[in-house]
Amino acid sequence: MAAVSLRFVGSGDAFSSGGRFQACLHLDGGDEPVLIDCGATSLPALKRQDIDPASIGWLAISHLHGDHFGGIPWLVLDGQFAGRNRALTIGGPPGVEQRVNAAFEALYPGATAAERAFSIRFVELGEQEATTLGPASVTAFRVVHGGGAPAYALRIEYAGKVIAYSGDTEWTDALIHAAQGADLFVCECNFFDKEVPGHLNYRTLADRRELLGCERLVITHMSDEMLARLHEVEVETASDGAVIEL
């Protein structure tokens, strides 16, 4: 069996702090790859890392903020003009189809009605319900963050491994349930010690590290303030292009 790998296609926050691409994770090593989040910068990030966008048939979205789902219109358009014929299935919070289509229409009026050689299917992820998304089983846990729809942490079973992902959130015990026993927990850490609603800081996460019960913890989605203090951090940190082997 091939090793499971998770690549940080984008490890940045909404403002691309440090020049990083927005949130996008590429899970590979199973029957097919799975993309987790697809921020607005994801298409150029995929191409820069030589990942064929047309190879992505399955996409899991944590929440409906542009730096986590805003790249979907360009992923679709790229496939449309590059002759893609592989279906694309997108799983996300309730309302994901309406929000993606609204964003698409705002950017390219009439685009949602265009004829394409591939189908697009949307799946709404229910809270604490395992949902099959191609080669993965995805369980969503509601966390504390805005977005106009429920924001989720995702627990993904894939090729015999468990990968948990916080999405964006302040501290909530839902993270414990999502991360417990996971081989890898990718957690947002927007700030070092600053408390901001809807986001985590390193001090809080470090104080609660043992509660998470995961094998490995990697932090991502870091602001300029957080990036400036990485020398003080005692956990693994993400960077664009970094690959975690599981």
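What covers the buried residues of helix H3? The cover includes helix H1 (42–48), strand S4 (58–60), helix H2 (66–69), strand S5 (88–92), helix H4 (96–107) and strand S6 (120–124). H3 spans residues 72–82, and its buried residues are Ile72, Pro73, Leu75, Val76, Leu77, Asp78 and Gly79. Here, buried means under 20% relative accessible area, exposed over 50%, and partly exposed in between (1.4 Å probe, protein chains only). Helices (H or I, at least four residues) and strands (E, at least two) are DSSP runs, numbered from the N terminus.

This is a predicted model, in which local features need pLDDT of at least 70 and side-chain atom pairs count only at pLDDT 80 or more, while totals for chains, interfaces and linings use all residues. Residues are numbered from 1 along each chain as its sequence is written, and side-chain values use heavy atoms, leaving out hydrogens and water.

Now let's visit the strands. Four of the five residues of strand S10 (residues 161–165) are buried, so S10 is largely enclosed by the rest of the structure. Its pairings are listed below; two strands pair if DSSP finds at least two bridges between them.

| Partner of S10 | Direction | Bridges |
|---|---|---|
| S9 (residues 152–158) | antiparallel | five bridges |
| S11 (residues 184–188) | parallel | three bridges |

Tyr165 of S10 stands opposite Leu154, and its bridge partner in S11 is Val186. From S10 the chain passes through helix H5 (residues 174–179) to S11 in a right-handed β-α-β crossover; right-handed means that, with the strands pointing away from the viewer, the path from the first strand over the helix to the second runs clockwise.

Key
Contact = heavy atoms within 4.5 Å.
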